[in-house]
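Please read the following note alongside the sequence and the model. Its numbered points begin with the contact between two chains and then turn to single chains.

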Amino acid sequence: MKVLVPVKRVIDYNVKPRVKMDGTGVDLANVKMSMNPFDEIAVEEAIRLKEKGVATEIVAVSIGEAKAQETLRTALAMGADRAILVVAEGDVEPLAVAKILKAIVDEEAPGLVILGKQAIDDDSNQTGQMLAALTGRPQGTFASKLEVAGDTVTVTREVDGGLETVSLKAPAIVTTDLRLNEPRYASLPNIMKAKSKPLAQKTPADYGVDTTPRLKTLNVSEPPKRTAGVKVADVDELVAKLKALGVAA
Amino acid sequence: MSVLVLVEHDNASVKDATLAAVTAAGKLGEVHALVAGAGAQAAADAAAKIAGVAKVLLADDAAYGHALAENVAPLVVDLMANYDAFVAPATSNGKNIAPRVAALLDVMQISDILSVESADTFTRPIYAGNAIAKVQSSDAKKVITVRGTAFEKAATDGGSASVEAVSGKGDAGLSSFVGAEISKSERPELTSAKIIVSGGRALQNSENFHTIIEPLADKLGAGVGASRAAVDAGYVPNDYQVGQTGKIVAPEVYIAVGISGAIQHLAGMKDSKTIIAINKDEDAPIFQVADIGLVGDLFKVVPELTSKL
């Protein structure tokens, strides 16, 4: 089956984001950008399915500024077969992304779509579920294990109390949790090879999707700062502090 | 404005996360609670007693037994014809179901809200809690998930709502529940614990978690948490994980043992009232947010602390 893997270009997870002084957003100028970590896990899982002979072709998709092409090249270097870049200005909300992905799903007819469970910039955790809703397909969110047998997709999900396993009828939408796998690094020869793999450029208009945001960001501010604490010298002093807090008798 | 709140329950009782969602929903308008489940009458009765709930809708059907989004979302969408907003707790269930509802209603969801500024304006954390965005929704109907630690919990008694049975389309035939592996613990649940003792990679193995972290937690009546590093290394199951990608907690006291304090982890606990850090590296980032810090070897300090309490 064909596997579709949407990936997002986000601020690198090691970078501490800085809020702009004018409150319009987070400063992304000259900041290191990378593939969203959950999306790397999604690409890795798709490649493993191909290595097992389950997936026949892996198509990576990204929606965003022209530089998202670098993110797609990373996916191609990891092992995706071809890529589609939908160039859009400004922030595209999960609902609009889901609509564009739906149009691509209609066109490409993948047996499985694997997304990350959330992007580490907007922390929405919505796109996979929305895509499942729009396409009328079942969803296996927060997956820590994925098995495909015929047209049955079995997903073990990380839920609040532990793990839960669900069985989905393919075509299905799966979103990855951290423990699904350990993504591979792209080797230098594969990075070179990825440069010649096909990458199609599209726009939201090609899919008839309006990307006007439904949510208006009025202001972005720093979270309240914690006041500096004290260091205690030894355990006795810590015990006294705990008693003062009323947590120890 | 009328608001439908998704009740998180285990068929018998209502989970704490719902109580915070009811408080948030109450700021928008009249609150009705939806209990979808199989054999969930007791949970509906419990929901009817929550202060601030005006009516409980009970959808009792085998199809809703395991809260599969494919079955529950269409039910909610049908009911939303009579409501202006849908509010769910930001639990794994809420996060699974609410966006499916939002897309079917063609609205943008507002995830994990921290406050209600007005009927259409909310604040929510972005970039792992390193920034707070104030957003205004232009959608006619609002779909919202609520961060449980950001709102007071509604009282579990004092309400006297009526319970009304509703029915939906039932099983969508797309998915089925196979099984669950629920971690058993006698300790308080992480997201509602007043005190949490958390361990990091410095614990070195799962044995040390049992012999060092757990006795301290038991002495304090605390819940036990862990950093992502400790979970990835296999010291404890993943539902112990506190952080951006795990659970978000805000207890009275959070004791971080052998945790460096990566952005990912801080996103899950920096709203705790008092943070106590025990770490041998005095430059560890955790000390920048800790109210009380003790620089020392956890293998020596923690057993001493446990014995002196």
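1. Between chain A and chain B there are 44 residue pairs in polar contact, with both residues at pLDDT 80 or more. A polar contact is a pair of N or O atoms within 3.5 Å; within protein, one must be able to donate a hydrogen and the other to accept it, and residues adjacent in sequence count only if both atoms are side-chain atoms. On the side of chain A that touches chain B, the elements giving two or more residues include α3 (94-108), α4 (127-135), β7 (139-149) and β9 (162-169). The largest share, eight residues, comes from β9(A). Helices (H or I, at least four residues) and strands (E, at least two) are DSSP runs, numbered from the N terminus.

2. The model is predicted: local features need pLDDT of at least 70, side-chain atom pairs count only at pLDDT 80 or more, and totals for chains, interfaces and linings use all residues. Residues are numbered from 1 along each chain as its sequence is written, chains are lettered from A and ligands numbered from 1 in the order in which they are written, and side-chain values use heavy atoms, with hydrogens and water left out.

3. In total, 76 residues of chain A are in contact (heavy atoms within 4.5 Å) with 81 residues of chain B. The area buried between the two chains is about 6,600 Å², and carbon and sulfur atoms give 56% of it. Buried area is the accessible area (1.4 Å probe) that two parts lose on being put together, summed over both. A:Asp160, A:Arg214 and A:Arg226 supply 12% of the area that chain A buries against chain B, more than any other three residues.

4. A:Arg226 also forms a salt bridge with B:Asp291, the closest N and O atoms being 2.8 Å apart. A salt bridge is a side-chain nitrogen of Lys or Arg within 4 Å of a carboxyl oxygen of Asp or Glu.

5. Within chain A, the side chains of A:Asp81 and A:Lys50 meet in a salt bridge (2.7 Å, N to O). A:Asp81 lies in the loop between α2 (68-78) and β5 (82-87) and A:Lys50 in helix α1 (residues 37-51), so the pair ties together parts that are 31 residues apart in sequence.

6. Strands also pair across the two chains: β13(A) and strand β16 (residues 292-295) of chain B run in the parallel sense over three bridges. Two strands pair if DSSP finds at least two bridges between them. A:Val230 stands opposite B:Ile292 in β16(B).

7. Two backbone details deserve attention. Most residues other than glycine have a negative phi, and most peptide bonds are trans. A:Phe142, in strand β7 of chain A, has a positive phi of about 55 degrees although it is not a glycine. The peptide bond from A:Ala170 to A:Pro171 is cis, with omega near 0 degrees, and A:Pro171 is found in the loop between β9 and β10 (172-176) of chain A.
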